[in-house]
Amino acid sequence: MAIILGIESSCDDTSASICVDGKIRSNIIASQVVHQNYGGVIPELASRVHQQNIIPAVHQAISNAKIHKNEIDAVAFTRGPGLLGSLLVGTSFAKAFALANRLPLIEVNHMQAHILAHFIADDKPSFPFLCLTVSGGHTQIVLVRDHFDMEIVGQTTDDAAGEAFDKTAKLLGLPYPGGPLIDKYAQQGNKFAFKFPEPQIQGLDFSFSGLKTSIMYFVRDRVKEDQDFLKNNLSDICASVQERIISILLNKLKKASNQYNIQCIAIAGGVSANSGLRAALNDSAPGLNWKVYIPKFEYCTDNAAMIAIAGHYKFLKQDFVGQDIAPMARMQF
Ligand code: KG4
Ligand code: ZN
């Protein structure tokens, strides 16, 4: 039986989790509200708040898991990708904790961990499967052959899907992070009210910057004609933008499924919390003969449970790193 402490600090959530023999016992997430005042994550502030939050988060995770600190067998931490100052806090804490308690250290790639969050549930996807990983910084279609044998077969050439949500929200005057708010308003809106263009990009890659520009001109022109346009049409705009983002994502996923002849399909990352995307995937599944895997809400956005479960699988392989390990803002699989 292995007990893993997982630490996540790549962006603006400080999180700690305990995984006991592949089962998540606790998952503490301290989100940082300070960034709302600025309309986006301020890296310097994020690392300062991580420093305040990390020790209480780890204490709480250990206490909620009803284990003793001395029972922990290894410390897994997010090495990257992410904000360097934020990653440094988690990495330094993990190294110090491992050194003080004579424990092995496990480095985890944040994007792989989003995918491995699917192995927290009892109903796990079987290999090979395709995972659409959609977050604030990434949009990828990943061919997953094994826990750590993953290949990116499609990715965004500009903005990420989460960025498309957040930047649209900003244009509509909504606070950061706008993704969950667009989702909320979209639920009351008509998704066919306005039509936004689908980017013409070949293969399995994505592009969202054209959509952002078209929304910007749409808002500018409509507000010129009617000052109250945004106020009176907010739900319909949110529903229409969300519909376009979802159709872009699903069309590429269908293309990937055909190309690789894989019908086991998963979604991961913050945008996989979107209710429209979740519903669209569930609705399309029977017609496409897909078996779909959608994570529980708490494992969609950044969390340490996904780091702890990734740590569990690396622990089984005894895949450890030394104290000379450093965080990486950009990190490939
Ligand atoms: O995975 P994540 O928590 O952090 C990164 O690694 O980036 O993803 C955050 C992104 C943000 O862009 C946020 O707006 C988006 O996920 N997001 C959503 C929803 N919940 C979070 N986007 C659309 N609908 C949601 N319900
Ligand atoms: Zn993430």
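Helices (H or I, at least four residues) and strands (E, at least two) are DSSP runs, numbered from the N terminus.

Please keep in mind that this is a predicted model, in which local features need pLDDT of at least 70, side-chain atom pairs count only at pLDDT 80 or more, and totals for chains, interfaces and linings use all residues. Residues are numbered from 1 along each chain as its sequence is written, and side-chain values use heavy atoms, with hydrogens and water left out.

- Buried means under 20% relative accessible area, exposed over 50%, and partly exposed in between (1.4 Å probe, protein chains only).
- Just after H1 comes Lys66, with a positive phi of about 55°.

**Aromatic rings**

- The whole structure holds 11 aromatic pairs. Rings of Phe, Tyr and Trp (its six-membered ring) pair if their centres lie within 6.5 Å; planes under 30 degrees apart count as stacked, over 60 as edge-to-face and the rest as tilted.
- Phe194 and Phe218 make an edge-to-face pair, 5.1 Å centre to centre with 65° between the planes.
- Phe194 lies in the loop between helix H5 (179–186) and helix H6 (209–225), while Phe218 is in H6, so their pair ties together parts that are 24 residues apart in sequence. Both Phe194 and Phe218 are buried.
- Phe206 and Phe208 form a stacked pair, because their ring centres are 6.3 Å apart and their planes are at 10°. Phe206 is buried at a relative accessible area of 0%, and Phe208 is buried at 0% too.
- Phe119, Phe127, Phe129 and Tyr313 are linked into a cluster by ring pairs.

**Charges over rings**

- The charged end of Arg278 sits over the ring of Phe297, 4.1 Å from its centre. This calls for NZ of Lys or CZ of Arg within 6 Å of the ring centre and within 35 degrees of the ring normal.
- Lys184 places its charged end over the ring of Tyr185, 5.4 Å from the ring centre.

**Trp290**

- Trp290 is in the loop between helix H8 (275–288) and strand E10 (291–293), and counts as buried at 8% relative accessibility.
- Leaving aside residues up to four places away in sequence, Trp290 touches Leu253, Lys254, Ser257, Ile262, Gln263, Ile265, Leu281 and Ala285; contact means heavy atoms within 4.5 Å.

**Cysteines**

- The count of disulfides is zero, where a disulfide is a pair of cysteine sulfur atoms within 2.5 Å.
- Cys11 is in no disulfide, and the nearest cysteine sulfur, that of Cys300, is 16 Å away. Cys11 is partly exposed, at 23% relative accessibility.
- For Cys238, the closest cysteine sulfur is in Cys300, 20 Å away and so too far for a bond. Cys238 is buried, at 1% relative accessibility.

Definitions and conventions: Chains lettered and ligands numbered in written order.
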